[in-house]
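Please look over the sequence and the structure before reading on.

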Amino acid sequence: MLSVVGLGPGSKELMTVRAVETIEQAEVVVGYTGYIDLISKAMLEGKEVLSTGMRGEVERCKLAVERAAAGKNVVVVCSGDPGIYAMAGLVMEILEKRDDAKDIEFEIVPGVPAFCAAAALLGAPLMHDFASISLSDLLTPWEVIEKRLAAAADADFVIAIYNPKSRKRSGHLRKALDIVSRFKKDDTFVGIVNKADREGQNVIISKLGEVDEDKIDMQTVLLIGNNSTRKWNDKMITPRGYAAKYDLDD
C-alpha cells in the first residue's frame, strides 16, 4: 500500500483522523525532514523513516514507490493537502512510468491546506471566488507566474499567494505585489499569516500598499482580498453577496 498523506498546517489538532490512522498503520514513513518533524515521535516509533532535505522530492518519492512495490505499507507525508503544491502529483507521475503500477495499491489522504488554515485565522477572506498562485519559479517559469498574477488580479479574484519569498527569490514578492497593484487598489486588505497553527504563528492584516516584506518568508501565506473585502473586529470578510439578496438586520 502506498498512501500520500496531508498533515495539514502543522498541529496535530488539525490532522484528520484518517491521516493519523494511516500513519499509525504504516511500516515506512517518507517525507521532507521538516515535515517529518511535525509528526510526534510516538507515531513514528517502530517505523522505518526515510527523509530528505529541500529539493529531494524525486529521490524520496522514488524510494517510497520502491518500498511499496516490495510489499511494504508506505506513507509519503506532505504539509497541508498532498494535492496542492505537494507530492501527490509527483508520486502519480512516478507510478505512471512503472509497468507494475497496477499491482501497487495507491491512495491520497487529504489534509487541511495552508490557505484554509490561514483564512480561518483571518476570518472569512475566501468566501467568494479565489485563485491560488505560488511565486516559486523552480518548476514554473516566472513569465507564466506573472501572467497568472495579472489575470487573477484583473478578474478581481481573492488571491492566495504561496512561497512568497526566499533567500534566493527576495525580489519576487515585490514584483508580484506591483503586478497586483495595477488592478487592485492600494487600500485592498491583505492577510499575512506566518506559520499557521505552528509554534511562532503570526497573523497580520495590512493593506496592499503597506505590506511589510520584512515580515514575510517561505512559511508565510498571503491572502489578498477582492474589491469588496473589508475588515471587521480585527478580521477579514469577503462577502458572498447575502446582504444584497436578504435582510441581515435584526
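Ile237 is found in strand S13; helices (H or I, at least four residues) and strands (E, at least two) are DSSP runs, numbered from the N terminus. The model is predicted, so local features need pLDDT of at least 70 and side-chain atom pairs count only at pLDDT 80 or more, while totals for chains, interfaces and linings use all residues. Residues are numbered from 1 along each chain as its sequence is written, and side-chain values use heavy atoms, with hydrogens and water left out.

Apart from neighbours within four places in sequence, Ile237 is in contact with Ala124, Ser228, Thr229, Arg230 and Trp232, where contact means heavy atoms within 4.5 Å. The C-alpha atoms of Ile237 and Asp178 are separated by 23 Å, and the two residues are 59 residues apart along the chain.

## The sheet with S13

S6, S13 and S12 form, in that order, an open sheet of three strands with mixed pairing. The edge strands, S6 (123-124) and S12 (230-232), each pair on one side only; two strands pair if DSSP finds at least two bridges between them. S6 and S13 (residues 235-237) run parallel and are joined by two bridges. Gly123 stands opposite Met236 in S13.

Gly123 also follows helix H6, and its phi is positive, near 125 degrees. In H6 (residues 114-122), the buried residues include Phe115, Ala117 and Leu122.

## The largest nonpolar core

The largest nonpolar core has 23 residues, of which Leu135, Leu149 and Ile159 touch the most other members. Such a core is a set of buried Ala, Val, Leu, Ile, Met, Phe, Trp, Tyr and Cys residues joined through side-chain atoms within 4.5 Å. Helix H7 gives the most to this core, with six residues. A second, separate core of 19 residues includes Ala64, Val76, Ala88 and Val91.

## H7 against H8

The axes of H7 and H8 come within 9 Å and cross at roughly 35 degrees. Axes are lines fitted to C-alpha atoms, for helices over the stretch in contact, and angles run from 0 to 180 degrees between N-to-C directions. Among the residues making the contact are Trp142 and Leu149 of H7, and His172 and Ile179 of H8.

Notes: Buried < 20%, exposed > 50% of the residue type's maximum accessible area, 1.4 Å probe, protein only.
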